[in-house]
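Subject: Structure handover

Hello,

The structure is below, followed by notes on what was found in it. Please read the notes alongside the coordinates.

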Amino acid sequence: MCNGEATHYTSGCEEELKLVTNDKTGTRIDEVAAGIYRISTPLDVIPGGFTFNSYLLADDEPLLFHTGYRKLFPVTLEAIGKVMQVENLRWIGGSHFESDEFGALNELLTAAPAATPFGAEIGVLTSLNDFAHRPARGFADGEEFSIGSRRMKWLYTPHVPHGWDCGVLFDQATKTLFCGDLFTQPGAEMPPVTESEVLTPSEGMRGMMDYYAHATSTSAILGRLADLHPSLLACQHGSAYRGDGAALLRELAATIEGNGNLSARPTAVTGVAGGAHAD
Ligand SMILES: [Fe+2]
Ligand SMILES: [Fe+2]
């Protein structure tokens, strides 16, 4: 709907989709589904740039999925403030323990004293309960919890795409899958939402930097995610994809089964400026 509110998600209302919250960093916030806001900051960590996204869910118990890098905390905080008071956050979590997922966790926990950090049970065991200033909640595979009008479901996805603590979060109300590093797309200028398939660019990324663990259960796990029939794939890097998420996940599984052992050594692994980790 084109209702004149600057951050609302709509197709065909391009002027409403853009809200830059920091001119210096290019950080922006966009509503990509009902009450779901994508906070995105481009960084020059690979040639052509790369986006780092957090997703903010407005509800009775507001939830932030991915904190962003610690060094991005001021601009992430600034963006959250465009939608709600940060102290109202109740849940702060992420897919797996890396700095782009959890780097600013403690800064956010300080700013939001009632918020609970969360992740996979394994992530809590291995990292979160040591790193976080407050005890974390570890979700089991398939565990559900309510944040108000939405029921969230945690799915444990070990090693998919990487990290034995890896998991994804599904909003059953909007059928949005917060899929972390799956479908990672390179580029700095990425629309908040695209209806063009994101498998081709993410496979290009995988060819450049092989960010997948070479695990044995990848296809089965992707099949489980497809069974959720997500209509929005909320990627941490690149655009969110609106469309038949199940079909795209199954296509990804088939692609990985077909060429999982990439024939060429990824060329960009050692070419990233400053050795920065980019996914
Ligand atoms: Fe990652
Ligand atoms: Fe990531």
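Strand E7 (residues 116-120) has 4 of its 5 residues buried, so E7 is largely enclosed by the rest of the structure. A residue counts as buried if 20 or more other C-beta atoms lie within 10 Å of its own, with C-beta atoms placed from the backbone. Helices (H or I, at least four residues) and strands (E, at least two) are DSSP runs, numbered from the N terminus.

Before the rest, the conventions. This is a predicted model, in which local features need pLDDT of at least 70 and side-chain atom pairs count only at pLDDT 80 or more, while totals for chains, interfaces and linings use all residues. Residues are numbered from 1 along each chain as its sequence is written, and chains are lettered from A and ligands numbered from 1 in the order in which they are written.

The sheet around E7

E7 is joined by 3 bridges to strand E6 (residues 91-93), running parallel, and by 3 bridges to strand E8 (residues 137-139), also parallel. Two strands pair if DSSP finds at least two bridges between them. Phe118 of E7 stands opposite Gly93 and opposite Arg137 in E8. Ala120 stands opposite Phe139 in E8.

The open sheet has 8 strands in the order E1-E2-E3-E4-E5-E6-E7-E8, with mixed pairing. E1 and E8 are at the edges with a single partner strand each, so one side of each has no neighbour in the sheet.

Helix H2

In helix H2 (residues 73-80), the buried residues are Val75, Thr76, Ala79 and Ile80. They lie on the same side of H2, because they cover an arc of only 140 degrees around the axis (the arc is that of the directions from the helix axis to the C-beta atoms). These residues pack against strands E1 (20-22), E2 (27-33), E3 (36-43) and E4 (50-57). Contact here requires C-beta atoms, placed from the backbone, within 7 Å.

Core and totals

The largest nonpolar core holds 66 residues, of which Ile92, Cys179, Leu233, Ala234 and Cys235 touch the most other members. Helix H8 (residues 245-259) gives the most to this core, with 5 residues. A nonpolar core is a set of buried Ala, Val, Leu, Ile, Met, Phe, Trp, Tyr and Cys residues joined through C-beta atoms within 7 Å.

Beyond its neighbours within four places in sequence, Ile92 contacts residues including Leu64, Leu105 and Pro117.

The protein chain has 8 helices and 15 strands. Of its 279 residues, 46% are buried.

Regards

Conventions. Buried ≥ 20, exposed ≤ 12 C-beta atoms within 10 Å, placed from the backbone. Contact = placed C-beta atoms within 7 Å.
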